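The structure comes first, and the text follows.

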Amino acid sequence: MWTYTVNLVRDLSPSVKRFIATESLFGIGVGIFSLILNLHLLDLGFSKGDIGKITSLGALTIGLASLPAGFIVKRVGRKAMLVAGMLLCFLSLVVFGLGISLGAVTGAQLIWSLGITAIVNSEIQLIFQYCRSKKEETSAYSLLFAIFTFFTGLGTWLGGFLPDWLPGHTTMYQYAFFVAGGCLALSGILRGLLLPSTHARLNSVEVGGPQSAKPSVQPKRRHAMYFLLLLSLLIFNSGFTFGLLSPFLNVILKFRFQMEDGNISGLLALSGFFFFIGSIVMPYVVERWGSRRTFIFLFLYNMVVVALMALAMPASIFAVLLLIRGTGFTMLNNLMDSESMSAVGEEDRNLFAGMRTVSRSIGNTIASYWAGYILAGNHYSLPFLVTAVALLVGFVIYAWFVQGMLDKRLQGQQ
């Protein structure tokens, strides 16, 4: 397994290696932010219901902005869009650190969401564009996410200690926002300097592609759109399962098990390491088992684990389940994103990126809003049960509607 991973890294294109290396700073910043945000808002006096509304507003903004972002990225280029998104996220963290009112926090969340919109509508297409083969696309995505999750875990761990090392004035978490923002700004600047531009080459591909006979293209375009819609439905389900749990794990740990902030950050950081393991293992498992068997196993695995997490249990057992859930959840979402984008033709990738983000954001918005109310009622087990049911629905969507078309597309592009 170690030799396999080393060979994956060694065989990557130079631009892909630089892309993945700069993901480390992005991961640290996101990890700090993800841990401290809800705790910061609670200290400012916001209720758990308010936090659910703010979280769902962010997801809704990403969804609404994603389709326009798909058109903007064609104009400005994927690299410029990515760098701009990371700098917007830096600005957002500065506003989070300075603001104390609902209006300031809402504004910061909107800026963050616009930045994330720019990132998610350019990042995967850009790194895939630097790749030389379909196999490298899968490897690059998995390694990118592996680095992101590993350093997100490191950032989460740091987020548990930064408030003690650098206590703020509005809350103890204030200055940690500025450290996270600095990481994001530096990552964006390095990507602007180190990554080559591919905008001109992309435009030539897009302009030259559709010039063939239009009547024969129309049925293929309808079929392609139908396929994109099915993938978007599957990804909507992925966003829903994410929104029910992931934004609120720190709140659940704090109030269900009365954990201290340091213990929460340590556990979530360790969970990030298990995300890293899942990302590294995923290409190896897909190569050995194939896409279809891996999908089926991961859906069933995640359903069982999150259903068990709804049961009454000691914090130590819950922590073990949280860790192994992290590996399976990461593998499933990485597989879904990488296989979907690989199966989509280059001419449709900007469009699909927007559709994917809209679908995931709508699912995330609905789930986050609902989860906020569930947690406000102190029902800390119910989100896990709902997630298990949602995973079952996702499995049905995959097995009945997506599986055959996805297999055919991937085989046809090998």
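Throughout, a residue is called buried under 20% relative accessible area, exposed over 50% and partly exposed in between, using a 1.4 Å probe and protein chains only. The model is predicted, so that local features need pLDDT of at least 70 and side-chain atom pairs count only at pLDDT 80 or more, while totals for chains, interfaces and linings use all residues. Residues are numbered from 1 along each chain as its sequence is written, and side-chain values use heavy atoms, with hydrogens and water left out.

**Backbone**

Most residues other than glycine have a negative phi. Gln258, although not a glycine, has a positive phi of about 55°, and Asn378, likewise not a glycine, has a positive phi of about 60°. Helices here are DSSP runs of H or I with at least four residues, numbered from the N terminus. Gln258 lies in the loop between helix H11 (249-256) and helix H12 (261-289), whereas Asn378 is found in the loop between helix H15 (349-376) and helix H16 (382-412). Gln258 counts as exposed because its relative accessible area is 57%, and Asn378 counts as partly exposed because its value is 48%.

A cavity is defined on a 1 Å grid over the protein atoms alone, as a set of points where a 1.4 Å probe fits but cannot get out, and its lining residues have an atom within 4 Å of a point. Grid points are joined across faces, edges and corners, and a volume is the space filled by probe spheres set on the points. The structure holds one cavity of 30 Å³ or more, and the volume of the largest cavity is about 1700 Å³. Its lining consists of 49 residues, of which Val30, Phe148, Phe242, Ser246 and Asn364 lie nearest the centre. Ala, Val, Leu, Ile, Met, Phe, Trp, Tyr, Cys and Pro are classed as nonpolar, Asp, Glu, Lys and Arg as charged, and the others, Gly among them, as polar; on that basis the lining has 22 nonpolar, 21 polar and six charged residues.

**Salt bridges**

A salt bridge requires a side-chain nitrogen of Lys or Arg within 4 Å of a carboxyl oxygen of Asp or Glu, and five are counted by this rule.

| Pair | N to O distance |
|---|---|
| Arg191 and Glu123 | 3.5 Å |
| Arg349 and Glu137 | 3.3 Å |
| Arg360 and Asp337 | 2.9 Å |

Arg360 in helix H15 and Asp337 in helix H14 (residues 315-343) link distant parts of the chain, 23 residues apart. Arg360 counts as partly exposed because its relative accessibility is 22%, while Asp337, at 8%, is buried.

**Surface patch**

A nonpolar patch is made of residues with over 30% relative accessible area and no salt bridge, whose side chains (Val, Leu, Ile, Met, Phe, Trp, Tyr) are joined within 5 Å. Leu67, Met225, Leu229 and Leu351 form such a patch on the surface, with about 320 Å² of accessible area together. Leu67 belongs to helix H3 (residues 48-76) and is partly exposed, with a relative accessible area of 39%.

Note on methods:
1 Å grid on protein atoms, 1.4 Å probe; cavity = no way out; pocket = protein on both sides within 12 Å on 5 of 7 lines; lining within 4 Å. Patch = residues over 30% accessible without salt bridge, like charges linked within 9 Å, V, L, I, M, F, W, Y side chains within 5 Å. Areas by Shrake-Rupley, 256 points an atom, 1.4 Å probe, with all protein chains shown as cover. Helix = DSSP H or I, 4+ residues; strand = E, 2+ residues; numbered from the N terminus.
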